[in-house]
Amino acid sequence: MHSRRPQNFNEGLDARGCEDVPVAAAGYGMPTRPWDCTDPWASESRYRAPVAGPWGERQAPAVAAPASGVAAAPETAAGSTDQLNRFAGFGVGLASLFTENVLAHPCIVFRRQCQVNYHAKSYHLTPFTVVNIMYHFSKTQGIKGLWKGMGSTFIVQGIALGTEGIISEFTPLPREVSHKWSPKQIAGHLVLKGLTCVVALPFYSASLIETVQSEIIRDNPGILDCVKEGICRLVGMGVPHSKRLLPLGVLVFPTVLHGVLHYIISAIIQKFILFLLQKKTPHQHPADACNSVQTVLDAYYPELIASFVANLCADILVYPLETVLHRLHIQGTRTIIDNTDLGFEVLPINTQYEGMRDCINVIQKEEGIFGFYKGFGAVIVQYTLHAAVLQITKMIYSTLLQNTT
């Protein structure tokens, strides 16, 4: 019996009983698979791992069944909208990261200078005086003086991330916490965070000096000076310091306490904010994603807003402890800072704290309760700027998405 060969691919599918396979414009059967992602940094790839929660836990990817009776959008239009949506989510996340680490760095520099300046008569508790003094700094030292020490802060973050990964790889301490967590797992996770703070301690101290040191009297530091100074501080070599320099063993407890408390507070608040936002936002079916210009932004924004609020609350709550920590780190390092009262001139740091408890008592006695909040206006400026950038970015991408529909 003579067999008939199919003339094309579609005819072959019909012969095999595959009439239900949707056919694209080019004539090839392509099974549709809905895909949903809430990770702002997985926007450029659908094969990334699921998003990690504030405790580092991994969520199982959501799998939804295709809706029956829903007509597929044209491939070209759907592809263009999908690419723009991914670009929008990635852009919003990138703007948040840029603002947090680069654009807000002058606020971090100024707030640290205020925290270690025990001479200061102006506490800069409001953003109005902060902007005025920062303007004077830019006139006397140049605009780049506001971004001093930014490279060293990135190095410290890289050391912390690398240390956390190495320790979790060779020890049973979990880097991530699953949804079915136990007290033992949480305790091990926090121990890992504490060990990371201990390893990064000397490099954090060197980075702090670079950010508060006056630009008028210092030479241009190299990119890896933070690493070199941290190692010298660890082994007791390098530039001779004052006898008032506290040993690293005295700095371990306040450093670990500050780092772990900040992490716990931000993680709890982030989970709570995410729960409220997800409860408030109605769930949309994946098939309707292409019909709503706000779908992707609404998917990415809860994560960003929760992280923003969590970091703000954590910074406010641990700010007094951060003031104490920075004064202990800077003591005896022969550091000269800018005069935060005038916006010009320089001042030496000549404190004689014996430890964390003595530092707290001296600040409360000589500077009052608001002495722990010196430079707090810079925090207001920092997070106001961050919120403005997030909102402007959202408005821009919302306009772009609306113009493409």
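Which residues line the largest cavity? Let me take that in order.

This is a predicted model: local features need pLDDT of at least 70, side-chain atom pairs count only at pLDDT 80 or more, and totals for chains, interfaces and linings use all residues. Numbering runs from 1 along each chain as its sequence is written, and side-chain values use heavy atoms, without hydrogens and water.

Cavities. On a 1 Å grid over the protein atoms alone, a cavity is a set of points where a 1.4 Å probe fits but cannot get out, and lining residues have an atom within 4 Å of a point. Points join across faces, edges and corners, and volume is the space filled by probe spheres set on them. The structure holds two cavities of 30 Å³ or more. The largest has about 70 Å³ of space.

Its lining: Pro 106, Val 109, Phe 110, Gln 113, Met 134, Phe 137, Gln 141, Gly 145, Leu 146, Lys 148 and Asp 338. Two elements give two or more residues each: α3 (105–116) and α4 (127–141). Helices here are DSSP runs (H or I, at least four residues), numbered from the N terminus. α3 gives the largest share, four residues.

Now the loop between α3 and α4. Asn 117 lies there. Asn 117 counts as buried because its relative accessibility is 0%; the cut-off is under 20% relative accessible area, with a 1.4 Å probe and protein chains only. Beyond neighbours within four places in sequence, Asn 117 contacts (heavy atoms within 4.5 Å) Arg 327, Ile 337, Asp 338, Thr 340, Leu 347 and Lys 374. Asn 117 and Lys 374 are 257 residues apart along the chain, yet their C-alpha atoms are separated by 8.5 Å.

Conventions. On a 1 Å grid over the protein atoms alone, a cavity is a set of points where a 1.4 Å probe fits but cannot get out, and a pocket is an open set with protein on both sides within 12 Å along at least five of seven lines; lining residues have an atom within 4 Å of a point. Buried means under 20% relative accessible area, exposed over 50%, partly exposed in between (1.4 Å probe, protein chains only).
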